[in-house]
Amino acid sequence: MARTRSNSIPAMLLAAVFALSGLAAGARAGDIAIYWGQNGNEGTLAQTCATGNYKFVNVAFLTTFGKGQTPVLNLAGHCDPASNGCTGVGADIKACQRRGVKVLLSIGGGVGSYGLSSPDDARSVAAYLWDNYLGGASGSRPLGDAVLDGVDFDVEVGGSLYWDDLARALHSYSYSHSRRGRGRRPVYLAAAPQCPFPDASLGAALRTGLFDYVWVQFYNNPPCQYSASAGVGGLARAWAQWTSIKAGRVFLGLPAAPQAAGSGFVPAADLVAQVLPVVRNSTKYGGIMLWSRFYDGLTGYSDAVKSQV
């Protein structure tokens, strides 16, 4: 995801102003998705969900998997999975789910050793994810006995092959019996492609039509991101392409602070006045995705815009 200035948004003031205006007549209401796990100073997962701002939280990242490698979970400064130190996160996952928040495991990221070597490798990775994070059974679940709601594909390295096979294999577990015998539940699939269409890594996977949520990263790619000088035209053209795909809901992915990405930060006032009126016109509009909880905590971006999303 995005990386790397700190201007604080006057969140309370902006929220008050936007609340007075209300959603435009006929506008489609959306939700906010957030990434958590890559900064030990962003608070716990339970604290993230307790804000009430987010409907989806992506726990980031499983950075090593596939090609015969032993999978590795990397939650930065939060805990050490190698010493079985992240099982306590499971209680936070359950707390989030009790609040109605869907918690997904995000696989990949901007750095890492991951990729798929064959359809069989994809099926093997799917089985690992099912047994260790979803409804299956394993004696060494890194996040304890919590059953996550699905998997988010944030594929930025590792090649473009066989992600469609992984999507199909994970989808095949949907509505399988959970390991605790609590009946059937879906395995939700999400993806975080770059805004140039189609995405170089995830194009084939997204063509399967199996993804419930697609949060497109409209940053670090000037031709398809908003800027005060370029306006909303490039973003609008890309948005029209992305919302033409077969998917459940499409989200506008944004950095939550100027320093959270190399380019593409949209000030809250511009988001409300310039961008949301464009993207909310689509029947597939799902809301916005923010990178990340750490940066959102610095700026209060979600607080400022949630009444308008």
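The model is predicted.

The model shown here is predicted. The side chain of Lys94 meets that of Asp145 in a salt bridge, with 2.8 Å from N to O. The two residues are 51 apart, and their pair links distant parts of the chain. Lys94 belongs to helix H3, residues 89–98. Asp145 sits in the loop between helix H4 (119–133) and strand S6 (150–155).

How accessible is Asp145? Its relative accessible area is 31%, so Asp145 is partly exposed.

## Other salt bridges

The whole structure holds seven salt bridges. Arg168 is partly exposed, at 41%. The cut-off for buried is under 20%. Asp165 joins in as well: Asp164, Asp165 and Arg168 are linked in a network of salt bridges.

Asp303 and Lys306 form a salt bridge too. Their closest N and O atoms are 3.9 Å apart. A salt bridge needs such atoms within 4 Å. Asp303 is partly exposed, with a relative accessible area of 38%. Lys306 is also partly exposed, at 42%.

## The buried side of H3

Back to helix H3. Which of its residues are buried? They are Val89, Gly90, Asp92, Ile93 and Cys96. These residues cover an arc of only 155° around the axis, so they lie on the same side of H3.

What covers the buried residues of H3? The cover includes strand S1 (31–36), helix H2 (45–50) and strand S4 (102–109). After H3 comes Gly100, with a positive phi near 85°.

## Aromatic pairs

A search of the whole structure turns up 21 aromatic pairs. Tyr213 and Trp215 make one of them, and this pair is stacked. Their ring centres are 5.8 Å apart, with 5° between the planes. Tyr213 and Trp215 are both buried.

Trp215 also pairs with Phe251. Is this pair stacked or edge-to-face? The planes stand at 75°, so the pair is edge-to-face. The ring centres are 5.1 Å apart. Trp215 lies in strand S8 (residues 213–217), and Phe251 lies in strand S9 (residues 249–255). The pair therefore ties together parts that are 36 residues apart in sequence. Phe251 is buried, as is Trp215.

## One cluster and a charge

The rings of both pairs belong to one aromatic cluster. Its members are Phe56, Tyr188, Tyr213, Trp215 and Phe251.

Tyr188 has a charged neighbour as well. Lys102 lies over the face of the Tyr188 ring, at 5.1 Å from its centre.

Definitions and conventions: Residues numbered from 1 in each chain as written. Predicted model: local features only at pLDDT ≥ 70, side-chain atom pairs only at ≥ 80, totals over all residues. Heavy atoms only, no water. Helix = DSSP H or I, 4+ residues; strand = E, 2+ residues; numbered from the N terminus. Buried < 20%, exposed > 50% of the residue type's maximum accessible area, 1.4 Å probe, protein only. Arc of directions from axis to C-beta. Contact = heavy atoms within 4.5 Å. Phe/Tyr/Trp six-rings, centres within 6.5 Å; stacked < 30°, edge-to-face > 60°. Lys NZ or Arg CZ within 6 Å of the ring centre and 35° of its normal.
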